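Work through the exercises below with the coordinates open. Each task is followed by a stepwise solution.

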Amino acid sequence: MIGLNHYLIVAGLLFAIGLIGVIRRRNLLMLFFATEIMLNAANVAFAATSHYYNDLSGQMFAFFIIAIAASEVAIGLGLLILLYKKQGTLDLDDLATMKG
Amino acid sequence: MFEQIAFYLFSFLTIGLFLVTVFSNNILYAMTSLAAGMVLIAGFFFLNGADFLGVVQIIVYVGAVMALYAFGMMFFNVTKVVKEKNTSNLLVLFLGVSIALLMVIMFLSPIVPEAIFASVPPEPNATNPEAVGMVLFSKYLVPFEVSAVMLLIAMIGGIILAGKKMDQSLTKIEDEIISEKDVK
């Protein structure tokens, strides 16, 4: 029988994968992908908790997380396009222009 | 039985696809596997009886967000691989797993399982979309409206950020003019 712990372990694994992506990648677009993975891991945990405690609050928070992710992508891609027009690259290390 | 088969299938496939997303050097592969993983995450939601959430996941993530990424990728030169100065993989693995574990312990340890009670139990005779609608438009009405305003702000912000100089096509003008513009 699949319990709540199974879902939480899968969510933790997905969150760790997303975190590894955020730490490891230097490509800004990949950083956005890794952020999406982390948000989805949180959504899985919310939905599973909501099911096993017979409470709808978890699903509500998952909805709001999806709304936040959508607006984050809209703003973030706009900023990425501006950055790409300005610098011609998506490398995270090229952003370090304020070194003293 | 079927629940177990579905759970393990979904979890192995999602973890594999997201690993491809994180470790692939080709952005196209990463985006495709991310979209496939999102569909399988919707499978988790259906398993948990959150039908409406699963449909929203497919529509918003796989439809809107992935289409937005695909449009955004057309602005970038994706065939050119970004040379990444990688830090040590073992260190990154250790850091990622330990930070994730730390966050789980930080946020979950104060919550004793007996202290969790259902504050918003679903209506007994309603299907999942009906119950979600009842709760969303009664208890969570204010956050719902605020998130609507947030989406509007994000839309206007996206248009203003990305829409500058959209009347000039970057592909039709010569490279020198682009570099002159960059200097300005």
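**Exercise 1: The interface**

Task: Count the salt bridges between chain A and chain B.

Solution. Step 1: apply the criterion, a side-chain nitrogen of Lys or Arg within 4 Å of a carboxyl oxygen of Asp or Glu.

Two conventions apply throughout. This is a predicted model, in which local features need pLDDT of at least 70 and side-chain atom pairs count only at pLDDT 80 or more, while totals for chains, interfaces and linings use all residues. Residues are numbered from 1 along each chain as its sequence is written, chains are lettered from A and ligands numbered from 1 in the order in which they are written, and side-chain values use heavy atoms, with hydrogens and water left out.

Task: How many residue pairs are in polar contact between chain A and chain B?

Solution. Step 1: a polar contact is a pair of N or O atoms within 3.5 Å; within protein, one must be able to donate a hydrogen and the other to accept it, and residues adjacent in sequence count only if both atoms are side-chain atoms. Step 2: with both residues at pLDDT 80 or more, the count is 8 residue pairs.

Task: Which elements of chain A give two or more residues to the side that touches chain B?

Solution. Step 1: take helices (H or I, at least four residues) and strands (E, at least two) as DSSP runs, numbered from the N terminus. Step 2: the elements are helix 1 (4–24), helix 2 (28–52) and helix 3 (57–87) of chain A.

Task: What area do chain A and chain B bury between them?

Solution. Step 1: buried area is the accessible area (1.4 Å probe) that two parts lose on being put together, summed over both. Step 2: the pair buries about 6,900 Å², 73% of it on carbon and sulfur atoms. Step 3: Arg24(A), Phe33(A) and Lys85(A) supply 10% of the area that chain A buries against chain B, more than any other three residues. Step 4: count contacts, meaning heavy atoms within 4.5 Å. 65 residues of chain A touch 83 residues of chain B.

**Exercise 2: One glutamine**

Task: Is Gln59(A) buried or exposed, and which side chains does Gln59(A) reach by polar contact?

Solution. Step 1: locate Gln59(A) in helix 3 of chain A. Step 2: buried means under 20% relative accessible area, exposed over 50%, partly exposed in between (1.4 Å probe, protein chains only). Gln59(A) has 4%, so this residue is buried. Step 3: the Gln59(A) side chain makes a polar contact with the side chain of Ser50(A) at 3.4 Å. Another goes to the side chain of Asn128(B), at 3.4 Å. Step 4: leaving aside neighbours within four places in sequence, the contacts of Gln59(A) include Ala50(B), Leu53(B) and Val132(B).

**Exercise 3: A backbone angle**

Task: Where is Asn54(A), and what is its phi?

Solution. Step 1: Asn54(A) sits in the loop between helix 2 and helix 3 of chain A. Step 2: its phi is positive, about 55°, although Asn54(A) is not a glycine. Step 3: Asn54(A) has a relative accessible area of 47%, so it is partly exposed.

**Exercise 4: Chain B**

Task: How many helices and strands does chain B have?

Solution. Step 1: the tally is 7 helices and 0 strands. Step 2: of the 184 residues in chain B, 30% are buried.
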